[in-house]
Amino acid sequence: MTVNALELANKLIARFGELFSQPAEFRGEVTLVCNQPERIQEVCEFAKKELGFDYLVDISSVDNYGEDPRFTIVYELYGYGHRCHLRLKTSVGEENCELPTVTTVWRTADWHEREIYDMMGVRFRGHPDLRRILMWEGYPYFPLRKDFPLAGKPSELPDVAFSKPAPLEGGPFVTVAGGKDTIAREPRVRVPETQSLETNSRLERRADIRRAHEPDTPSSHTS
Amino acid sequence: MRTVEDIQFKEPALRVAEAMPVKRPDASLNHDLPDIEGEKMVLNMGPSHPSTHGVLRIVLELDGEIITKAVPDVGYLHRGDEKIAENMTYTQFIPYTDRLDYLAPLANNVAYALAVEKLMGIDKQLPPRCQFIRVICCELARISAHLLGLGAFAMDVGAMTVFLHTFTEREKIYNLIEALTGARFTTTYTRIGGLSRDLPQGWVEQCRKFLDQVGVNFDESEKLLTRNRIFVDRTQGVGVLPKEVAIDYGVTGPNLRGSGFEYDLRKAHPYLVYDQLEFDIPVGSVGDCYDRYLVRMEEMRQSVRILHQCLDKLPGGPINIPDNKTILPEKKMVLTKMEELIHHFILVTQGVNAPPGEIYFGAENPKGELGFYMNSRGGGTPHRLKIRAPSFVNLSVLPRLLPGAMMSDVVAILGSIDFVMGESDR
């Protein structure tokens with residue numbers, strides 16, 4: 001009944017032969033390296049259907065900057081039936097960083113692959129909806145690559161910063177931007193323009209207060 | 001007027017049978033109204049909608065009141081935690097784990113520390129007291145996170161009072177956490193190979209006192225919800241997530257168990273001292289919002305059970321690994337002994353010396369399986385640290401779960417999935 005990950009790994013090797021290197025064991029986890037990224041979908045299909053790896057825990061990506069092939073894609077497989085964990089790894093180069101998707105095998109691969117595309121720039125052929133997921137659409141860089149600086153790079157932010165006044169600006173309950181202190185910014189102090197100031201002493205008094213606190217140069221609302 | 005006794009509670013098996021033919025939008029549309037094919041409406045929900053509990057945006061395509069398509073949009077809280085992790089030592093990253101699932105920072109601390117310890121191969125050497133305290137941390141965090149999830153869920157579907165009840169208890173948990181770690185939210189409690197400090201004086205008694213009265217609060221919250229007509233109507237049969245779909249989408253935690261699949265990392269691959277503790281894994285039957293609620297409710301009671309056992313069994317002894325190459329030596333020793341001074345200096349400037357290799361460690365967090373994939377090339381900083389965030393994966397099922405539901409069901413489904421965007425977006 002009980003199988004261990006090493007036996008399952010050997011079954012994969014028996015089926016695909018030369019495709020795999022010898023299984024490596026570290027801290028009780030078995031890792032298999034697949035030499036041909038093009039066949040990873042086929043391998044995963046077999047692992048799920050025949051070996052019972054029905055749960056894809058995670059897909060990670062590693063940037064081996066300065067080495068060739070540059071990117072390593074790491075699949076963490078788990079089977080609820082036999083409760084064994086197996087790691088599959090495959091590498092793609094920088095020139096043609098593309099490999100087949102495994103969304104057809106496990107639906108959960110969808111967002112993981114989108115994230116890898118977003119962060120590393122590795123594309124997945126046949127993915128139903130390969131868009132950026134964490135960064136916004138149109139972002140020009142791949143931030144988890146090792147040659148991307150930690151501080152980031154300046155990029156244009158389409159439709160993020162706006163220069164028009166906010167929709168309620170100038171409204172009765174909206175604070176005035178640019179006032180020197182809280183009294184000057186206080187909306188209740190502001191006098192509606194339609195009312196005559198001369199006829200209402202109370203309003204006049206408020207207007208005086210306001211004038212006293214007004215900034216020297218009227219600020220424009222272009223942020 | 002109907003009384004509570006009038007409400008019929010169906011057998012789980014019956015509910016399964018009823019829920020199985022999931023309402024599909026096209027079927028219901030073509031049946032009654034064959035000729036009115038109105039334009040579909042696209043509605044943007046979020047990123048600052050109260051029921052999204054953070055900054056989740058969902059673009060919904062509606063046909064009347066029925067959702068035909070849902071496209072979640074995440075990433076509004078992306079801070080680049082994985083990039084940050086590559087540029088600092090393992091210990092320096094612990095504060096960042098507080099900010100993943102910010103409703104259960106203690107559980108994140110423990111999961112991260114265990115992952116690094118697995119990489120270093122010292123996870124079996126942890127002193128028993130440290131392991132028990134870590135379990136206490138995990139379970140306190142679980143109660144706190146579920147209380148919030150429950151209160152917010154109930155409030156989303158219109159039951160305001162539960163929120164006030166659960167937040168009263170959370171406050172007490174935060175007082176305990178504050179006494180333990182010095183901070184209420186950003187705990188940063190664990191260290192690689194140990195803990196930042198031992199339990200303070202009288203903490204065990206305080207915790208016992210809390211555990212003795214928290215059950216009353218669970219009962220009160222349950223009275224307000226479990227047989228509440230409005231709550232039952234809004235959650236039963238809504239957002240049905242079949243077991244197979246949940247597995248296919250990698251859903252974990254209470255959401256997976258709500259679908260009737262019994263899997264809990266604390267039982268399947270016991271870490272810390274979970275194998276010495278007695279507790280049960282609650283599972284749902286249908287996989288609807290109501291089941292997910294029931295599972296969370298019961299999980300909190302099980303956590304209380306675990307906590308009682310931990311406090312009873314809590315051993316004495318050290319809380320840190322007796323290895324000054326991993327854990328900071330005592331300050332008194334640093335100031336008087338040469339070797340300790342060197343260890344201190346190396347640990348602070350270069351970090352722990354992790355061997356080259358790669359590991360994956362998953363822990364059962366309140367939201368699901370929080371996993372860390374670490375790729376080390378030796379030394380004090382990871383070459384790559386990937387966070388497998390349960391909320392991220394759980395949210396990816398939304399495009400499958402939402403179509404067919406009514407517009408007003410969205411808040412119930414989101415509330416029952418119980419996600420945290422800080423963790424999802426990292």
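Mentor: A:Arg39 is partly exposed, because 15 other C-beta atoms lie within 10 Å, and a residue counts as buried at 20 or more and as exposed at 12 or fewer. This is a predicted model, so the values here are computed from predicted coordinates. A:Arg39 sits in the loop that links β2 (29–34) and α2 (40–49) of chain A. Its C-alpha lies 7.7 Å from that of A:Pro100, although 61 residues separate A:Arg39 and A:Pro100 in sequence.

Now chain B, taken as a whole before its parts. Chain B holds 19 helices and eight strands. Its radius of gyration is 23 Å, close to the 22 Å that the globule rule gives for 426 residues, so chain B is as compact as a globular protein of that length. Along the principal axes, the C-alpha atoms of chain B fill a box of roughly 85 × 45 × 35 Å. Of its 426 residues, 50% count as buried. Among contacts in chain B with a separation of 6 or more, 71% come from residues 24 or more positions apart.

Strand β1 (residues 41–45) of chain B pairs with strand β2 (residues 57–63) of chain B in the antiparallel sense, over five bridges. Within this pairing, B:Met45 has B:Ile58 in β2(B) as its bridge partner. β2(B) also pairs with strand β3 (residues 66–73) of chain B, again antiparallel, over seven bridges. Here B:Glu61 is bridged to B:Lys69 in β3(B). β2(B) and β3(B) form a hairpin with two residues between them. In its turn, B:Gly64 has a positive phi of about 65 degrees.

Helix α5 (residues 105–120) of chain B lies across β6 and β7 of chain B and runs at about 150 degrees to β6(B). Helix α6 (residues 128–156) of chain B has 29 residues. From first C-alpha to last, α6(B) reaches 42 Å, close to the 42 Å expected at 1.5 Å a residue. Of the 29 residues of α6(B), 26 are buried, so this helix is largely enclosed by the rest of the structure. B:Gly158 follows α6(B) and has a positive phi, near 105 degrees.

Further along is helix α15 (residues 338–350) of chain B, with 13 residues. Its reach from first C-alpha to last is 18 Å, close to the 18 Å expected at 1.5 Å a residue. Just after α15(B), B:Gly351 takes a positive phi of about 85 degrees.

That leaves the sheet that α5(B) lies across. It is an open sheet of three strands in chain B, in the order β6-β7-β8, with antiparallel pairing. β6 (354–365) and β8 (384–388) of chain B are the edge strands, each pairing on one side only. Neighbouring strands of this sheet are turned by 5 degrees against each other on average, direction ignored. Strand β7 (residues 368–379) of chain B pairs with β8(B) in the antiparallel sense over five bridges. B:Tyr373 stands opposite B:Lys386 in β8(B).

Definitions and conventions: Residues numbered from 1 in each chain as written. Chains lettered and ligands numbered in written order. Predicted model: local features only at pLDDT ≥ 70, side-chain atom pairs only at ≥ 80, totals over all residues. Helix = DSSP H or I, 4+ residues; strand = E, 2+ residues; numbered from the N terminus. Expected span 1.5 Å × (residues − 1). Pairing = 2+ DSSP bridges. Axes fitted to C-alpha atoms, helices over the stretch in contact; angles between N-to-C directions. Contact = placed C-beta atoms within 7 Å. Rg over C-alpha atoms; globule rule 2.2 N^0.38 Å.
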